[in-house]
Amino acid sequence: MAAAVFRRAEGSSVTRFFQSSWFHSSPAPQQSGSPQRFFAPADGVMLPTGSFKDRVAFITGGGTGLGRAMTTTLSMLGAQCVIASRKLDVLQQTANEISSQTGNQVYAVQCDVRDPQAVSHCVDQMETMTGLPDVIINNAAGNFVCPSERLSPNGWKSITDIVLNGTAYITLELGKRLIKKQKGASFLAITTIYAESGSGFVVPSASAKAGVEALYKSLAAEWGRYGHRFNIIQPGPIRTKGAFSRLDPTGAFEKSMITRIPTGRLGTPEEIANLAAYISSDYATWMSGAVIRFDGGEYVSMAGEFNELKKVTPDQWDVMEAMIRSTKGS
Ligand SMILES: CCC/C=C/C=C/C(=O)SCCNC(=O)CCNC(=O)[C@H](O)C(C)(C)COP(=O)(O)OP(=O)(O)OC[C@H]1O[C@@H](n2cnc3c(N)ncnc32)[C@H](O)[C@@H]1OP(=O)(O)O
Ligand SMILES: NC(=O)C1=CN([C@@H]2O[C@H](COP(=O)(O)OP(=O)(O)OC[C@H]3O[C@@H](n4cnc5c(N)ncnc54)[C@H](OP(=O)(O)O)[C@@H]3O)[C@@H](O)[C@H]2O)C=CC1
(Lines give C-alpha, C1' and ligand atoms only; values in the text may rest on other atoms or scores of the structure.)
(Ligands and ions follow the chains in the order given, each with its own letter.)
Protein backbone atom coordinates (compact mmCIF):
# COMPACT_ATOMS: atom_id res chain seq x y z
CA MET A 1 0.00 0.00 0.00
CA ALA A 2 2.71 2.47 1.06
CA ALA A 3 4.87 1.53 -1.95
CA ALA A 4 1.95 2.16 -4.29
CA VAL A 5 1.28 5.51 -2.69
CA PHE A 6 4.90 6.44 -3.08
CA ARG A 7 4.97 5.26 -6.71
CA ARG A 8 2.08 7.62 -7.30
CA ALA A 9 3.85 10.32 -5.31
CA GLU A 10 7.02 9.88 -7.33
CA GLY A 11 5.04 10.68 -10.48
CA SER A 12 3.71 13.88 -9.01
CA SER A 13 5.23 16.59 -6.87
CA VAL A 14 6.11 16.15 -3.21
CA THR A 15 3.76 18.99 -2.41
CA ARG A 16 0.84 17.19 -4.05
CA PHE A 17 1.75 14.07 -2.11
CA PHE A 18 1.48 15.94 1.19
CA GLN A 19 -1.85 17.33 0.04
CA SER A 20 -3.16 13.87 -0.81
CA SER A 21 -6.15 12.58 1.09
CA TRP A 22 -4.09 9.47 1.92
CA PHE A 23 -1.59 11.56 3.86
CA HIS A 24 -4.22 13.48 5.77
CA SER A 25 -6.47 10.54 6.57
CA SER A 26 -3.78 8.07 7.57
CA PRO A 27 -3.04 7.60 11.25
CA ALA A 28 0.42 7.92 12.74
CA PRO A 29 2.47 4.76 12.17
CA GLN A 30 2.17 1.94 14.73
CA GLN A 31 4.32 2.69 17.74
CA SER A 32 5.16 0.58 20.72
CA GLY A 33 2.62 2.40 22.95
CA SER A 34 1.52 5.93 23.68
CA PRO A 35 4.17 8.52 24.66
CA GLN A 36 2.10 8.88 27.83
CA ARG A 37 4.11 6.01 29.32
CA PHE A 38 7.14 8.34 29.50
CA PHE A 39 5.24 11.21 31.08
CA ALA A 40 3.25 9.94 34.04
CA PRO A 41 2.18 12.86 36.25
CA ALA A 42 3.83 12.92 39.67
CA ASP A 43 1.52 12.77 42.66
CA GLY A 44 1.87 14.88 45.75
CA VAL A 45 2.84 18.37 46.74
CA MET A 46 6.20 19.52 45.38
CA LEU A 47 7.28 22.32 47.73
CA PRO A 48 8.53 21.76 51.29
CA THR A 49 5.93 21.58 54.07
CA GLY A 50 5.23 25.00 55.53
CA SER A 51 6.25 26.94 52.40
CA PHE A 52 3.12 29.10 52.81
CA LYS A 53 2.98 29.19 56.63
CA ASP A 54 1.65 32.56 57.83
CA ARG A 55 0.61 33.43 54.28
CA VAL A 56 -2.85 34.26 52.97
CA ALA A 57 -3.89 33.15 49.50
CA PHE A 58 -6.93 34.45 47.61
CA ILE A 59 -8.19 32.27 44.76
CA THR A 60 -11.11 33.24 42.51
CA GLY A 61 -13.11 30.27 41.26
CA GLY A 62 -11.50 28.28 44.08
CA GLY A 63 -14.55 26.07 44.65
CA THR A 64 -14.15 23.88 41.57
CA GLY A 65 -11.71 22.39 39.07
CA LEU A 66 -8.24 23.92 38.87
CA GLY A 67 -9.04 26.58 41.48
CA ARG A 68 -9.97 23.89 43.97
CA ALA A 69 -6.73 22.02 43.23
CA MET A 70 -4.61 25.16 43.70
CA THR A 71 -6.41 25.95 46.96
CA THR A 72 -5.83 22.41 48.22
CA THR A 73 -2.11 22.57 47.48
CA LEU A 74 -1.61 26.02 49.03
CA SER A 75 -3.60 24.95 52.08
CA MET A 76 -1.50 21.77 52.41
CA LEU A 77 1.58 24.01 52.34
CA GLY A 78 0.28 26.02 55.28
CA ALA A 79 -1.59 28.95 53.71
CA GLN A 80 -4.85 30.34 55.01
CA CYS A 81 -6.99 30.47 51.87
CA VAL A 82 -9.92 32.60 50.81
CA ILE A 83 -11.93 31.32 47.86
CA ALA A 84 -14.48 33.42 45.99
CA SER A 85 -17.06 32.87 43.28
CA ARG A 86 -20.82 33.12 42.67
CA LYS A 87 -22.01 29.85 44.23
CA LEU A 88 -21.62 30.08 48.00
CA ASP A 89 -22.86 26.52 48.64
CA VAL A 90 -20.18 25.07 46.33
CA LEU A 91 -17.49 27.27 47.89
CA GLN A 92 -18.53 26.39 51.43
CA GLN A 93 -18.46 22.67 50.74
CA THR A 94 -15.01 22.89 49.12
CA ALA A 95 -13.73 25.06 51.97
CA ASN A 96 -14.94 22.55 54.58
CA GLU A 97 -13.47 19.58 52.73
CA ILE A 98 -10.06 21.20 52.23
CA SER A 99 -9.90 22.52 55.81
CA SER A 100 -10.61 19.11 57.26
CA GLN A 101 -8.01 17.55 54.94
CA THR A 102 -5.21 20.05 55.70
CA GLY A 103 -6.05 21.44 59.12
CA ASN A 104 -5.75 24.99 57.79
CA GLN A 105 -8.58 27.49 57.57
CA VAL A 106 -10.28 28.03 54.18
CA TYR A 107 -12.80 30.88 53.99
CA ALA A 108 -15.58 31.07 51.40
CA VAL A 109 -16.78 34.43 50.11
CA GLN A 110 -19.54 34.94 47.58
CA CYS A 111 -18.49 37.30 44.81
CA ASP A 112 -19.45 37.84 41.20
CA VAL A 113 -16.22 39.25 39.77
CA ARG A 114 -18.16 41.07 37.03
CA ASP A 115 -19.46 43.50 39.65
CA PRO A 116 -16.81 45.93 40.97
CA GLN A 117 -18.89 46.70 44.07
CA ALA A 118 -19.16 43.00 44.88
CA VAL A 119 -15.39 42.73 44.44
CA SER A 120 -14.80 45.62 46.82
CA HIS A 121 -17.18 44.06 49.39
CA CYS A 122 -15.42 40.70 49.02
CA VAL A 123 -12.05 42.31 49.73
CA ASP A 124 -13.55 44.09 52.77
CA GLN A 125 -14.67 40.69 54.11
CA MET A 126 -11.24 39.20 53.44
CA GLU A 127 -9.48 42.06 55.24
CA THR A 128 -11.63 41.37 58.30
CA MET A 129 -11.10 37.59 58.23
CA THR A 130 -7.44 37.22 57.25
CA GLY A 131 -6.00 40.60 56.31
CA LEU A 132 -4.84 41.34 52.79
CA PRO A 133 -3.43 38.38 50.86
CA ASP A 134 0.17 37.56 49.99
CA VAL A 135 -0.92 35.44 47.03
CA ILE A 136 -3.67 36.29 44.54
CA ILE A 137 -4.74 33.81 41.87
CA ASN A 138 -7.14 35.06 39.21
CA ASN A 139 -8.59 31.78 38.04
CA ALA A 140 -12.35 32.43 37.65
CA ALA A 141 -13.54 32.19 34.05
CA GLY A 142 -16.50 31.61 31.80
CA ASN A 143 -16.41 30.01 28.37
CA PHE A 144 -18.39 28.05 25.80
CA VAL A 145 -17.73 26.93 22.25
CA CYS A 146 -19.93 28.79 19.80
CA PRO A 147 -19.67 29.81 16.14
CA SER A 148 -19.14 33.56 16.29
CA GLU A 149 -22.08 34.20 13.96
CA ARG A 150 -24.33 32.72 16.68
CA LEU A 151 -22.86 34.85 19.46
CA SER A 152 -25.13 37.54 20.98
CA PRO A 153 -23.80 40.79 22.46
CA ASN A 154 -24.69 39.46 25.90
CA GLY A 155 -22.81 36.20 25.21
CA TRP A 156 -19.72 38.25 24.37
CA LYS A 157 -20.24 40.50 27.40
CA SER A 158 -20.79 37.64 29.78
CA ILE A 159 -17.43 35.99 29.00
CA THR A 160 -15.34 39.13 28.64
CA ASP A 161 -16.82 40.56 31.85
CA ILE A 162 -15.85 37.49 33.87
CA VAL A 163 -12.44 36.93 32.34
CA LEU A 164 -11.01 40.38 31.56
CA ASN A 165 -13.05 42.83 33.63
CA GLY A 166 -13.28 40.42 36.58
CA THR A 167 -9.51 39.94 36.62
CA ALA A 168 -8.99 43.70 36.33
CA TYR A 169 -11.44 44.54 39.14
CA ILE A 170 -9.87 41.99 41.50
CA THR A 171 -6.33 43.01 40.62
CA LEU A 172 -6.93 46.77 40.90
CA GLU A 173 -8.93 46.52 44.12
CA LEU A 174 -6.32 44.36 45.84
CA GLY A 175 -3.38 46.15 44.25
CA LYS A 176 -4.50 49.58 45.48
CA ARG A 177 -5.12 48.35 49.03
CA LEU A 178 -1.79 46.49 49.11
CA ILE A 179 0.06 49.56 47.86
CA LYS A 180 -1.56 51.68 50.59
CA LYS A 181 -0.42 49.17 53.22
CA GLN A 182 3.02 48.82 51.57
CA LYS A 183 2.57 45.07 51.37
CA GLY A 184 4.11 42.97 48.59
CA ALA A 185 2.20 40.18 46.83
CA SER A 186 2.34 37.60 44.06
CA PHE A 187 -0.41 37.87 41.43
CA LEU A 188 -0.99 34.92 39.11
CA ALA A 189 -3.49 34.76 36.23
CA ILE A 190 -4.66 31.53 34.63
CA THR A 191 -5.14 32.11 30.90
CA THR A 192 -4.80 29.46 28.20
CA ILE A 193 -2.62 28.57 25.22
CA TYR A 194 -4.94 30.20 22.68
CA ALA A 195 -4.57 33.58 24.41
CA GLU A 196 -1.46 33.80 22.24
CA SER A 197 -2.69 32.31 18.96
CA GLY A 198 -6.35 33.25 19.12
CA SER A 199 -8.89 30.51 18.38
CA GLY A 200 -12.08 30.24 16.43
CA PHE A 201 -15.22 29.16 18.29
CA VAL A 202 -14.06 30.62 21.62
CA VAL A 203 -13.56 34.18 20.41
CA PRO A 204 -14.72 36.07 23.54
CA SER A 205 -12.55 33.86 25.74
CA ALA A 206 -9.52 34.20 23.44
CA SER A 207 -9.93 37.97 23.30
CA ALA A 208 -10.40 38.34 27.05
CA LYS A 209 -7.54 36.00 27.98
CA ALA A 210 -5.24 37.96 25.64
CA GLY A 211 -6.33 41.10 27.50
CA VAL A 212 -5.54 39.48 30.84
CA GLU A 213 -2.04 38.67 29.59
CA ALA A 214 -1.51 42.29 28.49
CA LEU A 215 -2.81 43.49 31.88
CA TYR A 216 -0.44 41.24 33.82
CA LYS A 217 2.63 41.94 31.69
CA SER A 218 1.94 45.69 31.98
CA LEU A 219 1.54 45.60 35.75
CA ALA A 220 4.65 43.43 36.11
CA ALA A 221 6.52 46.39 34.64
CA GLU A 222 4.67 49.08 36.60
CA TRP A 223 4.13 47.64 40.09
CA GLY A 224 7.40 45.87 40.81
CA ARG A 225 8.27 49.02 42.72
CA TYR A 226 5.45 48.22 45.17
CA GLY A 227 6.65 44.67 45.76
CA HIS A 228 4.15 43.06 43.39
CA ARG A 229 4.96 40.24 40.97
CA PHE A 230 2.66 39.30 38.08
CA ASN A 231 2.85 36.00 36.25
CA ILE A 232 0.68 33.94 33.93
CA ILE A 233 0.10 30.22 33.43
CA GLN A 234 -1.33 29.14 30.07
CA PRO A 235 -2.71 25.65 30.65
CA GLY A 236 -3.48 23.23 27.87
CA PRO A 237 -6.44 20.87 28.24
CA ILE A 238 -7.12 19.46 31.70
CA ARG A 239 -10.35 17.58 32.24
CA THR A 240 -12.61 19.52 34.61
CA LYS A 241 -16.38 19.45 34.63
CA GLY A 242 -16.60 23.23 34.17
CA ALA A 243 -14.35 23.34 31.10
CA PHE A 244 -15.17 20.11 29.32
CA SER A 245 -18.96 20.46 29.68
CA ARG A 246 -18.71 23.75 27.80
CA LEU A 247 -15.90 23.04 25.36
CA ASP A 248 -16.40 19.36 24.53
CA PRO A 249 -20.02 18.61 25.48
CA THR A 250 -20.19 15.40 23.41
CA GLY A 251 -16.71 14.17 24.36
CA ALA A 252 -15.79 13.99 20.66
CA PHE A 253 -12.75 16.27 20.79
CA GLU A 254 -10.85 14.79 23.71
CA LYS A 255 -9.29 12.00 21.63
CA SER A 256 -8.05 14.37 18.95
CA MET A 257 -6.66 16.71 21.63
CA ILE A 258 -4.65 13.82 23.07
CA THR A 259 -3.27 12.74 19.69
CA ARG A 260 -1.82 16.18 19.09
CA ILE A 261 -0.22 16.43 22.54
CA PRO A 262 3.37 15.13 22.22
CA THR A 263 3.33 13.84 25.81
CA GLY A 264 0.21 11.82 24.98
CA ARG A 265 -2.12 12.86 27.75
CA LEU A 266 -4.15 15.69 29.27
CA GLY A 267 -2.71 17.64 32.18
CA THR A 268 -3.86 17.11 35.75
CA PRO A 269 -5.18 19.69 38.22
CA GLU A 270 -2.40 18.68 40.65
CA GLU A 271 0.29 19.54 38.10
CA ILE A 272 -1.15 23.03 37.65
CA ALA A 273 -1.43 23.37 41.42
CA ASN A 274 2.26 22.54 41.96
CA LEU A 275 3.30 25.03 39.27
CA ALA A 276 1.03 27.74 40.68
CA ALA A 277 2.39 27.13 44.18
CA TYR A 278 5.97 27.40 42.95
CA ILE A 279 5.29 30.65 41.06
CA SER A 280 3.51 32.12 44.10
CA SER A 281 6.24 31.05 46.53
CA ASP A 282 9.43 32.57 47.88
CA TYR A 283 11.35 30.23 45.56
CA ALA A 284 10.19 32.35 42.63
CA THR A 285 10.71 35.91 43.86
CA TRP A 286 12.76 36.69 40.73
CA MET A 287 9.94 35.62 38.45
CA SER A 288 7.74 38.46 37.19
CA GLY A 289 6.15 39.14 33.82
CA ALA A 290 6.55 35.46 32.92
CA VAL A 291 4.11 33.58 30.71
CA ILE A 292 4.44 29.87 31.35
CA ARG A 293 2.90 27.59 28.75
CA PHE A 294 1.97 24.31 30.44
CA ASP A 295 0.40 22.05 27.88
CA GLY A 296 2.40 18.86 27.27
CA GLY A 297 3.71 20.42 24.06
CA GLU A 298 0.31 20.88 22.41
CA TYR A 299 0.86 24.46 21.26
CA VAL A 300 4.08 23.85 19.38
CA SER A 301 2.69 20.60 18.04
CA MET A 302 -0.29 22.44 16.53
CA ALA A 303 1.87 25.29 15.25
CA GLY A 304 4.69 23.55 13.36
CA GLU A 305 4.19 23.40 9.60
CA PHE A 306 5.77 19.97 9.20
CA ASN A 307 4.69 18.25 12.40
CA GLU A 308 2.29 16.00 10.48
CA LEU A 309 5.37 14.20 9.18
CA LYS A 310 5.18 12.16 12.39
CA LYS A 311 2.87 9.97 10.30
CA VAL A 312 5.61 9.04 7.84
CA THR A 313 7.06 5.56 8.49
CA PRO A 314 10.79 4.69 8.14
CA ASP A 315 10.06 2.91 4.82
CA GLN A 316 8.25 5.95 3.53
CA TRP A 317 11.15 8.14 4.67
CA ASP A 318 13.49 5.97 2.57
CA VAL A 319 11.44 6.81 -0.50
CA MET A 320 11.08 10.48 0.37
CA GLU A 321 14.75 10.88 1.12
CA ALA A 322 15.64 9.29 -2.21
CA MET A 323 13.23 11.64 -3.98
CA ILE A 324 14.69 14.68 -2.24
CA ARG A 325 18.30 13.63 -2.87
CA SER A 326 17.61 12.95 -6.53
CA THR A 327 16.40 16.51 -7.08
CA LYS A 328 19.13 18.55 -8.74
CA GLY A 329 19.08 22.29 -9.04
CA SER A 330 16.17 24.51 -8.17
C1 LIG B 1 -8.89 22.86 25.94
C2 LIG B 1 -7.76 23.81 26.16
C3 LIG B 1 -8.16 25.22 26.30
C4 LIG B 1 -9.22 25.39 27.31
C5 LIG B 1 -9.55 26.59 27.79
C6 LIG B 1 -10.53 26.72 28.79
C7 LIG B 1 -10.94 27.90 29.16
C8 LIG B 1 -12.01 28.10 30.12
O9 LIG B 1 -12.27 29.21 30.43
S10 LIG B 1 -12.83 26.77 30.82
C11 LIG B 1 -13.86 27.45 32.10
C12 LIG B 1 -15.21 27.01 31.88
N13 LIG B 1 -16.02 27.29 33.05
C14 LIG B 1 -17.10 28.04 32.99
O15 LIG B 1 -17.50 28.54 31.96
C16 LIG B 1 -17.80 28.22 34.29
C17 LIG B 1 -18.71 29.42 34.35
N18 LIG B 1 -19.64 29.49 33.22
C19 LIG B 1 -20.94 29.88 33.31
O20 LIG B 1 -21.43 30.19 34.37
C21 LIG B 1 -21.76 29.97 32.05
O22 LIG B 1 -21.32 29.02 31.13
C23 LIG B 1 -21.66 31.39 31.38
C24 LIG B 1 -20.24 31.75 30.99
C25 LIG B 1 -22.57 31.40 30.15
C26 LIG B 1 -22.13 32.49 32.33
O27 LIG B 1 -23.32 32.13 32.97
P28 LIG B 1 -24.49 33.24 33.20
O29 LIG B 1 -25.56 32.54 33.97
O30 LIG B 1 -23.95 34.47 33.75
O31 LIG B 1 -24.94 33.58 31.75
P32 LIG B 1 -26.23 33.19 30.89
O33 LIG B 1 -27.30 34.14 31.28
O34 LIG B 1 -26.51 31.76 30.93
O35 LIG B 1 -25.69 33.55 29.43
C36 LIG B 1 -25.19 34.85 29.11
C37 LIG B 1 -25.32 35.01 27.60
O38 LIG B 1 -24.50 34.02 26.96
C39 LIG B 1 -25.31 33.24 26.07
N40 LIG B 1 -24.86 31.86 26.05
C41 LIG B 1 -24.71 31.03 27.09
N42 LIG B 1 -24.29 29.82 26.68
C43 LIG B 1 -24.20 29.90 25.33
C44 LIG B 1 -23.84 28.95 24.33
N45 LIG B 1 -23.46 27.69 24.63
N46 LIG B 1 -23.85 29.36 23.04
C47 LIG B 1 -24.21 30.61 22.71
N48 LIG B 1 -24.55 31.56 23.63
C49 LIG B 1 -24.56 31.19 24.92
C50 LIG B 1 -26.70 33.34 26.67
O51 LIG B 1 -27.69 33.01 25.72
C52 LIG B 1 -26.75 34.79 27.13
O53 LIG B 1 -26.92 35.64 26.04
P54 LIG B 1 -28.39 36.26 25.68
O55 LIG B 1 -29.27 35.09 25.38
O56 LIG B 1 -28.15 37.12 24.49
O57 LIG B 1 -28.84 37.02 26.90
N1 LIG C 1 -9.64 22.93 32.29
C2 LIG C 1 -8.96 23.30 31.22
O3 LIG C 1 -8.72 22.51 30.29
C4 LIG C 1 -8.42 24.67 31.13
C5 LIG C 1 -8.80 25.67 32.00
N6 LIG C 1 -8.24 26.92 31.87
C7 LIG C 1 -8.54 27.97 32.81
O8 LIG C 1 -8.45 27.45 34.11
C9 LIG C 1 -9.30 28.19 34.97
C10 LIG C 1 -10.17 27.24 35.76
O11 LIG C 1 -11.02 26.51 34.87
P12 LIG C 1 -11.63 25.10 35.27
O13 LIG C 1 -11.25 24.77 36.65
O14 LIG C 1 -11.31 24.15 34.19
O15 LIG C 1 -13.20 25.40 35.16
P16 LIG C 1 -14.30 25.69 36.26
O17 LIG C 1 -15.55 25.98 35.51
O18 LIG C 1 -14.31 24.62 37.27
O19 LIG C 1 -13.79 27.01 36.98
C20 LIG C 1 -14.28 28.29 36.73
C21 LIG C 1 -14.57 28.94 38.06
O22 LIG C 1 -14.88 30.31 37.83
C23 LIG C 1 -15.93 30.66 38.70
N24 LIG C 1 -16.69 31.77 38.10
C25 LIG C 1 -17.32 31.78 36.91
N26 LIG C 1 -17.93 32.95 36.73
C27 LIG C 1 -17.66 33.71 37.81
C28 LIG C 1 -18.02 35.01 38.21
N29 LIG C 1 -18.78 35.80 37.45
N30 LIG C 1 -17.56 35.48 39.40
C31 LIG C 1 -16.79 34.69 40.17
N32 LIG C 1 -16.41 33.45 39.86
C33 LIG C 1 -16.86 32.96 38.68
C34 LIG C 1 -16.79 29.41 38.83
O35 LIG C 1 -17.49 29.39 40.07
P36 LIG C 1 -19.04 29.84 40.22
O37 LIG C 1 -19.81 29.12 39.19
O38 LIG C 1 -19.35 29.48 41.64
O39 LIG C 1 -19.06 31.33 40.02
C40 LIG C 1 -15.75 28.32 38.79
O41 LIG C 1 -15.35 27.96 40.08
C42 LIG C 1 -10.06 29.16 34.09
O43 LIG C 1 -9.41 30.41 34.10
C44 LIG C 1 -9.94 28.55 32.73
O45 LIG C 1 -10.03 29.51 31.71
C46 LIG C 1 -7.35 27.21 30.88
C47 LIG C 1 -6.99 26.26 29.99
C48 LIG C 1 -7.47 24.92 30.05
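Reader: How many residues surround ligand 1, and which are the closest?

Author: A residue counts as near a molecule if its C-beta atom, placed from the backbone, lies within 6 Å of it. Here 19 residues surround ligand 1, and the closest are G142, N143, S152, N154 and G155. The elements that give two or more residues to this shell are α7 (153-180) and α10 (241-247). Helices (H or I, at least four residues) and strands (E, at least two) are DSSP runs, numbered from the N terminus. This is a predicted model, in which local features need pLDDT of at least 70 and side-chain atom pairs count only at pLDDT 80 or more, while totals for chains, interfaces and linings use all residues. Residues are numbered from 1 along each chain as its sequence is written, and chains are lettered from A and ligands numbered from 1 in the order in which they are written.

Reader: How do the residues of the shell around ligand 1 divide by class?

Author: Ala, Val, Leu, Ile, Met, Phe, Trp, Tyr, Cys and Pro count as nonpolar, Asp, Glu, Lys and Arg as charged, and the others, Gly among them, as polar. The shell around ligand 1 holds 7 nonpolar, 10 polar and 2 charged residues.

Reader: Which residues are closest to ligand 2, and which element gives the most to its shell?

Author: Ligand 2 is surrounded by 29 residues, the closest being G61, G65, R86, A141 and G242. At least two residues come from each of α4, α7 and α10, and α4 gives the most, with 3 residues. The classes are 12 nonpolar, 13 polar and 4 charged.

Reader: In what order do the strands of the sheet lie?

Author: Strands of a sheet pair through backbone hydrogen bonds, either parallel or antiparallel. Two strands are taken to pair if DSSP finds at least two bridges between them. In this model 7 strands form an open sheet with parallel pairing, in the order β3-β2-β1-β4-β5-β6-β7. Its edge strands, β3 (106-110) and β7 (291-294), each pair on one side only. As an example of pairing, β4 (residues 135-138) and β5 (residues 185-190) are joined in the parallel sense over 4 bridges; N138 has A189 in β5 as its bridge partner.

Reader: Which strands does helix α6 touch?

Author: Contact requires that the C-beta atoms of two residues, placed from the backbone, lie within 7 Å. Angles run from 0 to 180 degrees between N-to-C directions, and axes are lines fitted to C-alpha atoms, for helices over the stretch in contact. Helix α6 (residues 116-129) packs on the sheet against β1 (56-60), β2 (80-85) and β3, and its direction makes about 155° with that of β3. Helix α7 also packs on the sheet, touching β1, β4, β5 and β6 (228-235), at about 165° to the direction of β4.

Reader: At what angle do α4 and α5 pack?

Author: Angles under 35 degrees count as roughly parallel, over 145 as roughly antiparallel, 65 to 115 as roughly perpendicular and the rest as oblique. Helix α4 and helix α5 (residues 88-102) pack at about 30°, with their axes 9 Å apart, and α4 is therefore roughly parallel to α5. In the contact, R68, T71, T72, S75 and M76 of α4 meet T94, I98 and T102 of α5.

Reader: How do the axes of α4 and α12 cross?

Author: The axes of α4 (residues 65-76) and α12 (residues 269-280) come within 8 Å and cross at roughly 55°, which means that α4 is oblique to α12. The residues of this contact comprise 9 nonpolar, 4 polar and 1 charged.
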